[in-house]
Every structure is written in structure tokens, then in C-alpha cells.
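Q: I have a structure to look at and would like to learn how to read it. Could you take me through it step by step?

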Amino acid sequence: MATTTLVKGARSTRSTIALKLLMAVSGLIFILFVLLHMYGNLKAFAGHDAYNEYAAHLRTIGEPMLPRSGLLWVIRAVLIVSVVVHVYAAAKLWRRANHARSVKYQVKKNQSSTFASRFMRWGGLTLLVFIIWHLLNFTVGKVNVQGGPTNDPYNLLVDSFQTWWLTLIYLLAMAALGLHIRHGVWSAAQTLGMTNNARARRNANGLGVILAVVIAGGFSLVPIFVLAGVIN
């Protein structure tokens, strides 16, 4: 009986490590994507034509070896798989953590955890809802909340962020993204065994902060400058 329990415990531990590895790898793929996506968004500062040329160029990369938008769909497929794997692993780990403690804490003090770490689960749900809306707004459904045309990427972007409540939702989502990246990088480094000494932990923590500020800040620049009338 004791041997069976040990075997089950060992399997559960290996499974938990595998889930954390899946979360780390899928999360790093997502970070790489949002960095490239942020770079593309900043093209809005170069004006209407430069932004639309960049958007059109994304659809022609790889031609004639790939069909039009072929590489774009490959990237989308990788991202969809990464998001599904990330959410699945997060849900499984969340469920295991809840089942591991059958009796709730009577008093819970957060003395050493950061706000970013405590916000990970709800922040992740917030980002999932935002990603679905973002795809409907700019990619899949293309919704122009001002009723204007949707076949011009630059004009759709400007029309969207000239709407204050849409910009507010976007900025709140970017705050959630920054917090998620901040702790996610640290957590991924820990899972991948890159925090074994004080210097490595300091580097992982610093990298998380830098990526969070650069990505969330970079994404926030365009909507803020659209709302301010600088990009129009």
C-alpha cells in the first residue's frame, strides 16, 4: 500500500513538473510573439502608409514558397497551440493546488509574495478574455466601434483608440499583461533551473521587470498617443 502511494506520488510529481515546463515554454513563445507584435504596433508612429505597408508585408513573407498569408497562419497556429497548452497547464496546476489543501487557511498573510504573483491566475483569465476581444476587434471579425471601414489597418487602429473606453480597456489589459510577464518570466526561469544562486535569481527578476515594462509600455504608447491626437 505504501509502495503504491509512493508510485502515485512520484507520477504526480513528474506530471506537475511536466505541466510547469509546458507553461514555461508556451509562455516564452508568447513573450517572443508580443515583442514582435509590439514592434509592429509602433509602426503607427511612422504614419498611415508605413503602418499599412508593414501590415501588407506580413501577408507576403515567404512568397512564392508559401501562399499569401501562409507564414502568418503558421505563426497563428503556433500561438493558438501555445495558448491552449498554457491555459490547460495553468488550469490543471490550479486544480491540483486547490485539491492539495482540503482545509482552507483561517488567516492568510502574504508576507513574501509579490502582487504580480498573487494576480497571476486572475490576470491570466483577464488576458484570455482580452485576447478574444482583441482578435474580434482587429483580426477575425474586425469591428470598428465608430462604424467606419475595417479594411484599412491604420484607420481601424486609430478609430478604435480614439474611443476612450476602448483605450481604457486596452491599457488595463496591458497592466495585466505587464504583471503576468513580470512574474511569468521569474516562474519560467525557476522551472527551467535558472535561479540556482543569488545572481541568477537577481538576473531573472530583473529580466522579468525589464520585459514587463518594455512590452506593456510599448503597447500602451500607441493608444495613448492616438487618444492625445498625436497619431490621427
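Q: Leaving aside its neighbours within four places in sequence, which residues is Gly-40 in contact with?

A: Contact means heavy atoms within 4.5 Å. With neighbours within four places in sequence left out, Gly-40 is in contact with Tyr-51 and Tyr-54. Please keep in mind that this is a predicted model, where local features need pLDDT of at least 70, side-chain atom pairs count only at pLDDT 80 or more, and totals for chains, interfaces and linings use all residues. Residues are numbered from 1 along each chain as its sequence is written, and side-chain values use heavy atoms, with hydrogens and water left out.

Q: Where does Gly-40 lie, and is Gly-40 buried or exposed?

A: Buried means under 20% relative accessible area, exposed over 50%, and partly exposed in between, using a 1.4 Å probe and protein chains only. Gly-40 lies in helix 1. Its relative accessibility is 2%, so Gly-40 counts as buried.

Q: How many helices and strands does the chain have?

A: Helices (H or I, at least four residues) and strands (E, at least two) are DSSP runs, numbered from the N terminus. Here the chain has 8 helices and 0 strands.

Q: Which residues does UniProt list for "transmembrane region"?

A: UniProt positions are given in the numbering used here, feature names are shortened, and annotations may be inferred rather than shown by experiment. The unreviewed UniProt entry lists residues 21-39, 73-94, 115-136, 164-185 and 206-231 under that name. You can compare the record with the model: residues 73-94 are 100% helix and 0% strand, with end C-alpha atoms 31 Å apart. For residues 115-136, the span is 95% helix and 0% strand, and the end C-alpha atoms lie 30 Å apart.

Q: How many residues does the largest nonpolar core have?

A: A nonpolar core is a set of buried Ala, Val, Leu, Ile, Met, Phe, Trp, Tyr and Cys residues joined through side-chain atoms within 4.5 Å. The largest one has 25 residues, and those with the most contacts inside it are Leu-157, Ile-181, Ile-215 and Phe-219. Two or more residues come from each of helix 1 (2-41), helix 5, helix 6, helix 7 (164-191) and helix 8 (198-227). Helix 7 gives the most to this core, with 7 residues. For a closer look, find Ile-215: not counting residues up to four places away in sequence, Ile-215 touches Ile-31, Val-34, Leu-35, Met-38, Leu-177 and Ile-181.

Q: How many aromatic pairs are there?

A: Rings of Phe, Tyr and Trp (its six-membered ring) pair if their centres lie within 6.5 Å; planes under 30 degrees apart count as stacked, over 60 as edge-to-face and the rest as tilted. By this rule the count is 9 aromatic pairs. In one of them, the rings of Phe-130 and Tyr-170 have centres 5.6 Å apart and planes at 70°, so the pair is edge-to-face. This pair links distant parts of the chain, with Phe-130 in helix 5 and Tyr-170 in helix 7, 40 residues apart. The rings of Phe-161 and Tyr-170 are edge-to-face too, because their planes are at 70°, with centres 4.8 Å apart. Phe-130 is buried at 11% relative accessible area, and Tyr-170 is buried at 4%. Ring pairs join Phe-130, Phe-138, Phe-161 and Tyr-170 into a cluster.

Q: What does the side chain of Asn-144 reach?

A: A polar contact is a pair of N or O atoms within 3.5 Å; within protein, one must be able to donate a hydrogen and the other to accept it, and residues adjacent in sequence count only if both atoms are side-chain atoms. The side chain of Asn-144 reaches the backbone nitrogen of Gln-146 at 2.9 Å. A polar atom of that side chain also lies 3.0 Å from the backbone oxygen of Pro-149. Asn-144 is in the loop between helix 5 (120-138) and helix 6 (153-161), and is buried, with a relative accessible area of 9%.

Q: Which residues does a cis peptide bond join?

A: Most residues other than glycine have a negative phi, and most peptide bonds are trans. Here a cis peptide bond joins Glu-63 and Pro-64, with omega about 5°. Pro-64 sits in the loop between helix 2 (48-60) and helix 3 (70-100). Ser-69 is found in the loop between helix 2 and helix 3, and has a positive phi of about 70° although it is not a glycine.
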